[in-house]
Amino acid sequence: MKPFAFTRATDVNTAVQAASQPGAKFLAGGTNIVDLMKEGVEAPDQLVDINRLPLAAIEAQPAGGLRLGALARNSDTANHPQLRTRYPLVAQAILAGASGQLRNAATNGGNLRQRTRCPYFYDVTQPCNKREPGTGCSALQGFNRNHAVLGTSPKCIACYPGDMAQALHALDAVVQLQGPSGRRAIPIAQFHRLPGDTPELDANLAPGELITAIDLPAESARFAQRSHYLKVRDRASYAFALVSVAAALDMEGNRIRQARICLGGVAHMPWRAREAESLLQGAEPGMPLFRQAAEAALAGATGLEHNRFKIELAKRAVVRALETTSRSTA
């Protein structure tokens, strides 16, 4: 690990100014950045410790939503009474996401910013456009079992590895940011990126821009009674998803008033299945309908030698998640 400067920020403005310098990175829980530094994937000139900033509160908002502080630990977030009652999908996703030790350290903001676990990204001896733009994507012709089947590009087929983000995308969360140009809020749908020609960029953030909070809107609490996070993985203990599905239904009588579906493990970012959601709207729930929705959710998916199985697996996961959600009452 190369030497680096260490700055402990005492306020948001100081943190933003320090992190705006070339080669600077934020440090919160450290559950991802420290590993990347040990492996030589990241080599920042400066780490800006933000753990003392007042960004850990979880608070109800005047308009009825819930604000999750960016520095609130994942464990505290998942166990917060209002989150568990009004947005249980988020709590389920967090609890599926990592070991208890990691949840105790990881922060909400850092969770959104975690980087892919593609083995070629972590192996500095292998070409990787995400790590070193222009060198190529080793996964295209390599072992690509865990890689993306939707939204890929010739430059990168890596997957976003998180779990909480799928639930946040499904519930239309809003990310609060503060950077050198001031404060702004962006819908989470605009936060993460597909690889395109710039796979090295995971999110639509300016240099030095800091996540300060994540807002869950009041209207998304309507999905509290019927929501489910399904994570399919190689082992039941701590592991990244082969496929995951955040599903939520808002019922009016025996018909679906609104549906939300977001997949993980299949794309460079959480994959919101909006065509499938539209297909479900106004219909009576049932297995034939759920199978149609699954086909719509995976329309356009393309597999490679080792990951083609993910397409059928994802379809089955969508059906199972929707079927479980339709039976849920709390």
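Which residues line the second largest cavity?

## The second largest cavity

This is a predicted model. In it, the second largest cavity is lined by Q114, R115, T116, K130, C159, Y160, D202 and H268. Its volume is about 60 Å³.

Sort that lining by class. Two residues are nonpolar, three are polar and three are charged.

## The largest cavity

How many cavities of 30 Å³ or more are there? The count is two. The largest cavity has a volume of about 70 Å³.

Its lining is made of 15 residues. Nearest the centre lie C118, C128, C137, C156 and A158. Nine residues of this lining are nonpolar, four are polar and two are charged.

## Helix α12: checking the length

Now turn to a helix. Helix α12 covers residues 309-327, which makes 19 residues.

Which residues of α12 are buried? They are K310, I311, A314, K315, A317, V318, V319, A321, L322 and T325. Here, buried means under 20% relative accessible area.

What do the buried residues of α12 pack against? Their partners include three strands: β9 (227-232), β10 (243-252) and β11 (255-264). The helices α10 (274-280) and α11 (287-297) are partners too.

Notes: Residues are numbered from 1 along each chain as its sequence is written. This is a predicted model: local features need pLDDT of at least 70, side-chain atom pairs count only at pLDDT 80 or more; totals for chains, interfaces and linings use all residues. Side-chain values use heavy atoms; hydrogens and water are left out. Helices (H or I, at least four residues) and strands (E, at least two) are DSSP runs, numbered from the N terminus. The expected span of a helix is 1.5 Å times one less than its number of residues. Buried means under 20% relative accessible area, exposed over 50%, partly exposed in between (1.4 Å probe, protein chains only). Contact means heavy atoms within 4.5 Å. On a 1 Å grid over the protein atoms alone, a cavity is a set of points where a 1.4 Å probe fits but cannot get out, and a pocket is an open set with protein on both sides within 12 Å along at least five of seven lines; lining residues have an atom within 4 Å of a point. Grid points are joined across faces, edges and corners, and a volume is the space filled by probe spheres set on the points. Ala, Val, Leu, Ile, Met, Phe, Trp, Tyr, Cys and Pro count as nonpolar, Asp, Glu, Lys and Arg as charged, and the others, Gly among them, as polar.
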